[in-house]
Amino acid sequence: MKRTHTCGALRQSDAGKEAVLFGWVASRRNLGGCVFLDLRDRSGITQIIVDPQESAGCMAAASELRPEWVIGVAGTVRSRGANANPRLPTGAVELLARDIQVFSRSEVPPFLIEDGVDAREELRLTHRFLDLRRPEQNARLQLRHRLVQRVRRLLDREGFLEIETPVLIKSTPGGARNFLVPSRLQAGSFYALAESPQIFKQLLMIAGFDRYAQIVRCFRDEDLRGDRQPEFTQVDLEMSFVAPADVFAVVEQILQEMFEEALGVRPERPFRIMPYAEAMERYGSDKPDTRFGLELRDVTETVRAHGGGGVEMLQKALADGGRVKALAVPPELPLSRAELDGLEEKVKEMGGRGLTRAKVAADGSWTQTPLAKRISPELRLALNGALEAKADTALLFQFGPARQVNTILGGLRLLLGQKFSLVKPGTHHLLWVVDFPLFERSEETGAIVASHHPFTAPHPDDLDHLESDPLSVRARAYDLVLDGVEVGGGSIRIHDSETQARIFKVLGISDEEAREKFSFLLQALRLGAPPHGGLALGLDRLVMLLAGASSIREVIAFPKTQKGQDLMSGAPAPVSPAQLEELHIAPVGQKNQ
RNA sequence: GGGGCCGUAGUUAAGCUGGUUAUAACGCCGGCCUGUCACGUCGGAGGGCGCGGGUUCGAAUCCCGUCGGCCCCGCCA
């Protein structure tokens with residue numbers, strides 16, 4: 001028996017042909033006199049009919065069949081006429097069985113292999129090969145394949161060379177925690193699994209490859225989330241002799257290709273560009289979801305003009321150089337007192353002190369607020385005006401340091417957007433966020449650290465105050481944001497050793513330390529480095545968004561759980577003392593309580 | 001490191017203010033049925049409630065601990 005068609009192939013025009021289909025029994029409907037089977041493979045489902053008049057030889061075999069048995073069926077394609085099933089692409093025809101061959105029987109599977117089942121994820125992950133057999137799961141990986149092919153073809157057309165970079169590399173400071181791999185040949189030394197090919201792709205530019213791209217696995221030993229796995233895939237690229245606009249042009253075309261393949265629409269180029277400062281001011285996020293409004297409103301000057309309106313906490317916030325901002329939640333989005341209390345809890349979770357709020361009454365007075373009796377009527381009315389408050393508008397205030405105010409209100413904005421379903425289903429917004437700060441102050445240590453990575457080029461206009469006011473220096477860095485999710489990021493890199501040395505100095509990295517950690521890169525920068533820059537796209541996140549999947553795990557064939565385990569294979573797992581010995585590793589033993 | 005939700009037949013869930021034989025649907029097994037496609041129909045089997053302690057005359061139900069899954073904060077240059 002040899003397969004002639006796949007289970008998604010047959011159409012009305014094939015009626016009358018002989019055909020042989022191989023696949024899995026998706027369902028069996030035994031009507032006593034005849035048996036209907038749904039035969040499934042990755043391409044679709046075809047109905048098989050076993051009719052004793054025509055299929056005498058295989059009637060007995062057909063009634064033995066059970067779901068997930070793997071069989072081959074030979075027979076004649078026949079039109080279903082009035083019995084056609086419009087919900088199946090193959091629904092106009094059926095295969096009239098003449099011969100059935102059983103290749104493999106199946107035990108009763110632990111969950112039903114069909115779309116829409118909600119077996120708990122834990123179970124699906126332990127039997128991932130069955131979960132992937134479900135058409136919708138299978139289709140997601142097929143989509144991922146097609147997206148990757150489109151990207152590869154485009155990159156090839158645009159002159160990018162696909163060059164592989166090492167996975168086993170030297171551990172570098174800063175950034176994500178590395179997975180370590182002990183060296184057998186060098187006792188006591190370790191490789192790190194690459195968290196990205198960053199330095200290598202820069203070296204490829206210095207080597208003169210001009211345009212490099214790679215679809216590459218990256219590893220980060222950090223805590224997991226719905227959109228974060230310990231190993232994940234980037235579309236990584238780097239270009240020589242470019243400005244950000246050149247990188248944008250390529251990446252925007254990649255996104256156009258992906259959108260076209262997944263959704264059948266090409267987003268318009270060029271994409272919107274938003275400075276980091278604007279994103280933070282208006283949306284309270286460096287990855288704003290611009291699919292809905294409810295923007296943050298700055299009322300600092302209004303409050304200042306009224307001297308704080310007699311409210312001590314506002315006066316103090318202003319005196320400390322803080323800001324006053326608000327969300328004005330219109331009456332169409334009604335918030336009960338209990339819901340407002342719930343939001344206040346969220347504010348505290350986000351590190352805020354509390355949520356000062358007010359409900360605006362028809363006459364402009366405020367209720368449900370601790371401010372009611374303290375705030376001057378003049379300031380209250382001015383705020384009503386500035387915030388365009390109508391009757392029953394809820395005002396949610398934050399005041400204090402700009403960063404905290406923005407972040408908290410941005411968090412509330414997202415919560416409200418979700419709560420009130422403010423995003424119209426099916427809408428997608430792509431934008432570039434640019435002009436990130438080059439440095440930020442570490443909250444843990446108070447030290448100045450690189451926001452992106454230490455090879456990011458400073459904005460040329462800010463070079464004169466690199467040392468005197470480093471925190472105000474902008475980076476030539478950019479993120480690509482899709483629907484409020486960071487799906488890519490990159491920068492123009494430093495290509496001269498003088499600037500690189502200045503950056504290391506600001507970061508407090510000594511010459512000695514820099515030489516030790518990055519000597520090869522520093523040397524390369526002194527031996528003819530072209531101006532260059534690039535970006536990496538998070539392939540898993542992009543596929544997730546384009547597939548409408550709820551987590552990154554749905555678009556990865558064999559993902560890990562939040563604790564980094566592969567429930568199917570059981571990784572990670574202990575190894576034998578002999579293996580450790582060979583690697584010169586000695587367990588430190590369990591910590592005693 | 002922290003906060004939240006969850007764990008009951010093969011599966012998904014109900015039961016959880018403690019009290020006879022733990023309930024339903026789907027699946028599974030068997031009978032009947034020639035146009036089903038969530039086939040129908042009749043009948044049947046199947047769990048002691050993640051695990052370990054405790055309280056109680058009595059624990060899916062209350063308490064403590066623990067394991068696992070998910071969401072979130074921190075973390076992720």
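## Cysteines, a buried glutamate and an RNA surface

Cysteine 34 is buried, with a relative accessible area of 17%. This is a predicted model, and it pairs a protein with RNA strand B, which has 51 residues around it.

**Cysteines**

- The structure holds 0 disulfides.
- Cysteine 34 is in no disulfide, and the nearest cysteine sulfur, 12 Å away, belongs to cysteine 58.
- Cysteine 58 counts as buried because its relative accessible area is 2%, which is under the 20% limit.

**Glutamate 257**

- You can find glutamate 257 in helix α6, which covers residues 244-263.
- Glutamate 257 is a buried residue, because its relative accessibility is 10%, under the 20% cut-off.
- Leaving aside residues up to four places away in sequence, glutamate 257 touches Arg150, Leu154, Arg157 and Arg266.

- Which residues come nearest to RNA strand B? Of the 51 around it, they are Arg78, Arg80, Arg87, Ser451 and His452.
- Among the atoms of RNA strand B that come within 4 Å of the protein, sugar and phosphate account for 55%.
- By residue class, this surface divides into 20 charged, 17 polar and 14 nonpolar residues.
- Three elements, β1 (18-30), β3 (44-50) and α2 (121-126), each supply at least two residues of the surface.
- The largest share comes from α2, with 3 residues.

**Polar contacts with RNA strand B**

- A polar backbone atom of asparagine 30 is 2.5 Å from a base nitrogen of RNA strand B.
- Arginine 225 uses its side chain: an N or O atom there is 2.8 Å from a base nitrogen of RNA strand B.
- At alanine 450, a backbone N or O atom lies 2.7 Å from a sugar or linking oxygen of RNA strand B.
- To put these together, asparagine 30 and arginine 225 each meet a base nitrogen, whereas alanine 450 meets a sugar or linking oxygen.

Terms used
Residues numbered from 1 in each chain as written. Chains lettered and ligands numbered in written order. Predicted model: local features only at pLDDT ≥ 70, side-chain atom pairs only at ≥ 80, totals over all residues. Heavy atoms only, no water. Helix = DSSP H or I, 4+ residues; strand = E, 2+ residues; numbered from the N terminus. Buried < 20%, exposed > 50% of the residue type's maximum accessible area, 1.4 Å probe, protein only. Contact = heavy atoms within 4.5 Å. Disulfide = S-S within 2.5 Å. Near = heavy atom within 4 Å. Polar contact = N/O pair within 3.5 Å; in protein donor to acceptor, adjacent residues only side chain to side chain. Nonpolar A, V, L, I, M, F, W, Y, C, P; charged D, E, K, R; others polar.
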